[in-house]
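Please examine the sequence and the structure shown below. The report then describes the fold and some of its aromatic contacts.

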Amino acid sequence: MKLLVRTYWLRPRESPGALPPAGPRMRAVLEAFFEAFPEYHGCLSYSQSPRRPRYLFVYVTECAGLFPDAADHLGRLLAAAFPGSRVLPYGRPFPEPLGG
């Protein structure tokens with residue numbers, strides 16, 4: 001099922017484990033994402049918990065959500081930037097086109 005993604009939750013695959021600090025990696029991820037999907041500029045933010053395991057949340061702030069192509073691209077960028085993490089998308093179902 002495709003989603004209109006509102007949030008990505010990143011957490012370590014291994015327990016105990018922790019994600020690295022997000023700042024520099026997320027700047028690179030967002031730069032690459034906005035280069036491919038400039039229409040979402042200003043629509044995304046992120047927050048990382050300060051304590052281990054330092055969960056990371058990437059979320060939509062100024063639009064309804066990320067359409068499936070954009071969401072898939074962001075998910076791949078996040079997985080590459082944070083190897084060893086689980087990248088979990090949350091949102092609402094995206095309706096399939098009729099006849100598709």
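The text that follows treats the sheet, the helices and the aromatic pairs in turn.

This is a predicted model, in which local features need pLDDT of at least 70, side-chain atom pairs count only at pLDDT 80 or more, and totals for chains, interfaces and linings use all residues. Residues are numbered from 1 along each chain as its sequence is written, and side-chain values use heavy atoms, without hydrogens and water.

An open sheet is formed by four strands in the order β2-β3-β1-β4, with antiparallel pairing. Its edge strands, β2 (44-48) and β4 (85-93), each pair on one side only. Strands are DSSP runs of E with at least two residues, and helices are runs of H or I with at least four, numbered from the N terminus; two strands pair if DSSP finds at least two bridges between them. Strand β1 (residues 3-12) and strand β3 (residues 56-60) are joined over four bridges.

Helix α1 (residues 23-36) packs on the sheet and touches β2 and β3, contact meaning heavy atoms within 4.5 Å. Helix α2 (residues 68-81) lies across β1, β2, β3 and β4.

The whole structure holds seven aromatic pairs. Rings of Phe, Tyr and Trp (its six-membered ring) pair if their centres lie within 6.5 Å; planes under 30 degrees apart are stacked, over 60 edge-to-face, and the rest tilted. Two of the pairs involve Trp-9:

| Pair | Type | Centre to centre | Between planes |
|---|---|---|---|
| Trp-9 and Tyr-55 | edge-to-face | 5.3 Å | 70 degrees |
| Trp-9 and Phe-57 | stacked | 6.2 Å | 0 degrees |

Trp-9 in strand β1 and Phe-57 in strand β3 are 48 residues apart.

Technical notes: Axes are lines fitted to C-alpha atoms, for helices over the stretch in contact, and angles run from 0 to 180 degrees between N-to-C directions.
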